[in-house]
Amino acid sequence: MRYLSSVLLATVILWFWVGVAEAASTPRQTTWEDLAPPMKKLIEDPLAHLDPFIRLEISEISFAIRQHKNGLISPVSEDYETAMEAKYRLERDGIEVENILSRIEAIQAEILRWGEQMVYSLDGQFIKIPGYALPIEFDGVAVKEFLLVPYVGACIHVPPPPKNQMIFVELREPFAVDSLFEPVWVVGRILVKDTRKTLPVSDGEIPIRAGYLIENGNVEPYRE
């Protein structure tokens with residue numbers, strides 16, 4: 001009886017550790033929403049009540065002002081002068097452009113603060129996440145490092161996502177990226193780590209800041 005009890009106990013312990021090992025080797029499927037904390041308050045669109053053409057004009061005015069503040073266009077450039085003429089015309093028609101622009105600026109600041117916040121409970125977890133690979137370092141025709149981003153064209157055709165929506169991936173083995181427009185699965189242990197890189201593009205390089213890192217990652221074909 002004592003022998004049978006010992007065998008039974010050993011079998012239970014073995015089953016337990018097999019279960020632990022299987023759980024440890026099974027990645028947690030993760031979404032991009034999991035990488036960012038929920039916003040504390042709902043952001044209201046200050047342009048929602050306006051005519052679509054007026055919304056477009058105010059968006060262009062806001063963009064031109066931001067470009068000017070960042071030193072990318074001069075106050076005598078055609079784009080800036082066109083934006084100021086549109087601003088004057090809308091104000092003349094009774095649109096409170098200054099008030100709307102102030103609200104847009106406040107929203108942009110709130111989004112930037114949100115984009116800096118990381119989910120520290122993810123640190124060290126073994127995950128599986130889909131995304132699009134933007135190569136940084138090559139080994140021949142294969143990729144050794146890349147940025148994983150949540151949507152097509154991020155950082156290339158549109159501004160970079162916030163840092164809590166970008167993952168820097170270091171691969172265990174080089175991987176051939178067939179297309180920037182085909183999604184992949186990345187499997188690995190994720191770390192909360194601020195990583196700065198430059199992304200090569202057709203007309204130069206773009207500085208990139210990712211808030212997460214996956215080391216010794218693996219790439220799998222994307223299947224839902």
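1. Let me start with R209, which counts as partly exposed because its relative accessibility is 27%. The cut-offs here are under 20% relative accessible area for buried, over 50% for exposed, and partly exposed in between, with a 1.4 Å probe and protein chains only. E116 is also partly exposed, at 39% relative accessibility. R209 and E116 form a salt bridge, with 3.1 Å between the closest N and O atoms. A salt bridge here is a side-chain nitrogen of Lys or Arg within 4 Å of a carboxyl oxygen of Asp or Glu. This pair ties together distant parts of the chain, 93 residues apart: R209 sits in strand β6 (residues 204–221), and E116 in the loop between α4 and β2 (126–139).

2. A word on what you're looking at: this is a predicted model, where local features need pLDDT of at least 70, side-chain atom pairs count only at pLDDT 80 or more, and totals for chains, interfaces and linings use all residues. Residues are numbered from 1 along each chain as its sequence is written, and side-chain values use heavy atoms, with hydrogens and water left out.

3. Back to charges. The whole structure has 12 salt bridges. One of them joins E145 to K197, with the closest N and O atoms 3.8 Å apart. That pair also spans distant parts of the chain, from E145 in strand β3 to K197 in strand β5 (residues 184–201), 52 residues apart. E145 counts as buried, at 14% relative accessibility, while K197 is partly exposed at 29%.

4. D194 and R196 make another salt bridge, with 3.9 Å between the closest N and O atoms. D194 is partly exposed, at 34% relative accessibility, and R196 is exposed, at 61%. Which residues are linked in a network of salt bridges? They are E116, K163, D194, R196 and R209.

5. Now the overall layout. There are 4 helices and 6 strands, both taken as DSSP runs numbered from the N terminus (helices H or I, at least four residues; strands E, at least two). From the N terminus on, the order is α-β-α-α-α-β-β-β-β-β. Of the 224 residues, 34% are buried. Among contacts (heavy atoms within 4.5 Å) with a separation of 6 or more, 68% are between residues 24 or more positions apart. The protein exposes about 14400 Å², and carbon and sulfur atoms supply 57% of that; the areas come from the Shrake-Rupley method with a 1.4 Å probe, and for residues only the protein chains shown count as cover.

6. Helix α3 has 15 residues and reaches 21 Å from its first C-alpha to its last, close to the 21 Å expected at 1.5 Å a residue. The expected span is 1.5 Å times one less than the number of residues. Buried in α3 are Y80, A83, A86, K87 and L90. They cover an arc of only 125 degrees around the axis, so they sit on the same side of α3. That arc is taken over the directions from the helix axis to the C-beta atoms. As a reminder, an α-helix has 3.6 residues a turn, so residues three or four places apart point the same way. The other side of α3 has E78, E85, Y88 and R92 exposed. Cover for the buried residues includes α2 and α4. Just after α3, G94 has a positive phi of about 95 degrees.

7. Helix α4 (residues 97–115) has 19 residues and reaches 27 Å from first C-alpha to last, close to the 27 Å expected at 1.5 Å a residue. V97, I100, L101, I104, W114 and G115 are buried in α4. Seen down the axis, they fall within an arc of 140 degrees, so they line one face of the helix. What do the buried residues of α4 pack against? They pack against α2 (52–69) and α3 (78–92).

8. Last item: Q165. Its place is in the loop between β3 (142–149) and β4 (167–175). Is Q165 buried or exposed? Q165 is buried, because its relative accessible area is 12%. A polar atom of its side chain lies 3.1 Å from the backbone oxygen of W32. Leaving aside neighbours within four places in sequence, Q165 is in contact with W32, L35, A36, L148, V149 and P150.

Methods:
A polar contact is a pair of N or O atoms within 3.5 Å; within protein, one must be able to donate a hydrogen and the other to accept it, and residues adjacent in sequence count only if both atoms are side-chain atoms.
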